[in-house]
Amino acid sequence: VEVNYVNGGSSPLLKLEMVYNAGSKYQDQALVASLAFDLLRDGSKKLNGKAFKEAINGLGVYYGMDISKDFGTFSFYVLEKNLEALLTLVKDLIIAPNLPENEFDRLLQKEKNNFLVDLEKTDFLSRQRFAEVLFAGSEYGRVAHAESFDIIKYNMSVKFIQEFVIEKPFDLFVSGCISDVSYTHLTLPKP
């Protein structure tokens, strides 16, 4: 794990970003990467679903997951006093995630509904078409279509997670007021 940090600020607040080479250009089928990262919100085998979300919320952590063409990213905002507990939850998540098929089905339906609404927006349609034309023949030109939702299967996203996330290397970006305690928890060399 490569660790990069920016030490600054006076509040005991940290932002952690875990950046994986797991963007949509690595998927075999449209939607696989985004649904895979959405599925990871369901926690780990130790603490899954609602219990995982309650544990994260109980620590006062704001978190998000994002997919770009090149990267899949987990972002966490945490008070320094809760860093150690958060790292334990995150470690469990990236080593043994909970991947319930019924949650995948729910996410797929939700994304399909959102997509159908987006298909009525000209800005969405123009971005889709622009990417297809500009990057034709490359992974950057691949976009989802309505029929993509009928092709994607649960095992595709699970395979993606296994190949690109579980116990795979990532870059860690840490910013905020990084104290000696934070350096210890993150095992960063002190500047």
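Reply: One definition to start: the radius of gyration is taken over C-alpha atoms, and the globule rule is 2.2 Å times the number of residues to the power 0.38. Keep in mind that this is a predicted model.

Me: OK, what does that rule give for the 191 residues here, and does the chain agree or disagree?

Reply: A compact globule with 191 residues would have a radius of gyration near 16 Å. The protein chain has 18 Å, which agrees. Along its principal axes, the C-alpha trace spans about 50 × 35 × 30 Å.

Me: How many helices and strands in the protein chain?

Reply: The protein chain has 8 helices and 5 strands. Read along the sequence, the pattern is β-β-α-α-β-β-α-α-α-α-α-β-α.

Me: What share of the residues counts as buried?

Reply: 42% of the 191 residues. The accessible surface of the chain is about 10400 Å², and 53% of that belongs to carbon and sulfur atoms.

Me: And the contacts? What share comes from residues 24 or more positions apart?

Reply: Those account for 80% of the contacts with a separation of 6 or more.

Me: How does the lining of the largest pocket split by class?

Reply: It has 13 nonpolar, 6 polar and 7 charged residues.

Me: What about the second largest pocket? How much space there?

Reply: About 350 Å³. Its lining has 16 residues, with L87, K91, L172, H185 and L186 closest to the centre.

Me: Which element supplies the largest share of that lining?

Reply: That is α3, with 7 residues. β2 (13-20), α3 (83-95) and α8 (180-186) each supply at least two. By class, the lining of the second largest pocket has 11 nonpolar, 3 polar and 2 charged residues.

Me: Back to L31. Where is L31 found?

Reply: In the loop between β2 and α1. L31 is also among the residues closest to the centre of the largest pocket.

Me: Is L31 buried or exposed?

Reply: Buried. The relative accessible area of L31 is 13%, and buried means under 20%.

Me: Which other residue has a positive phi, of about 55°, although it is not a glycine?

Reply: E167. E167 lies in the loop between α7 (154-164) and β5 (171-176).

Me: Is E167 buried or exposed?

Reply: Exposed, at 59% relative accessibility. The cut-off for exposed is over 50%.

Me: Now S148. Which helix is it in?

Reply: S148 lies in α6, residues 148-151. S148 is buried, with a relative accessible area of 6%.

Me: What does S148 contact, leaving aside neighbours within four places in sequence?

Reply: Q29, A30 and L31. So you meet L31 again as a contact of S148, and L31 is itself buried.

Me: Next is Y154. Which helix, and how accessible?

Reply: Y154 lies in helix α7. At 21% relative accessibility, Y154 counts as partly exposed. Buried would need under 20%.

Me: What does Y154 touch, not counting residues up to four places away?

Reply: L39, L99, P100, E101 and F104. The C-alpha atoms of Y154 and N102 are separated by 9.2 Å, with the two residues 52 apart along the chain.

Me: Last one, M65. Which strand is it found in?

Reply: β3. M65 is buried, with a relative accessible area of 13%.

Me: And which residues is M65 in contact with, again leaving aside neighbours within four places?

Reply: F37, L40, R41, T73, F74 and L93. The C-alpha atoms of M65 and V19 are separated by 10.0 Å, and these residues are 46 apart along the chain.

Definitions and conventions:
Residues numbered from 1 in each chain as written. Predicted model: local features only at pLDDT ≥ 70, side-chain atom pairs only at ≥ 80, totals over all residues. Heavy atoms only, no water. 1 Å grid on protein atoms, 1.4 Å probe; cavity = no way out; pocket = protein on both sides within 12 Å on 5 of 7 lines; lining within 4 Å. Nonpolar A, V, L, I, M, F, W, Y, C, P; charged D, E, K, R; others polar. Points joined across faces, edges and corners; volume = space filled by probe spheres on them. Helix = DSSP H or I, 4+ residues; strand = E, 2+ residues; numbered from the N terminus. Buried < 20%, exposed > 50% of the residue type's maximum accessible area, 1.4 Å probe, protein only. Contact = heavy atoms within 4.5 Å. Areas by Shrake-Rupley, 256 points an atom, 1.4 Å probe, with all protein chains shown as cover.
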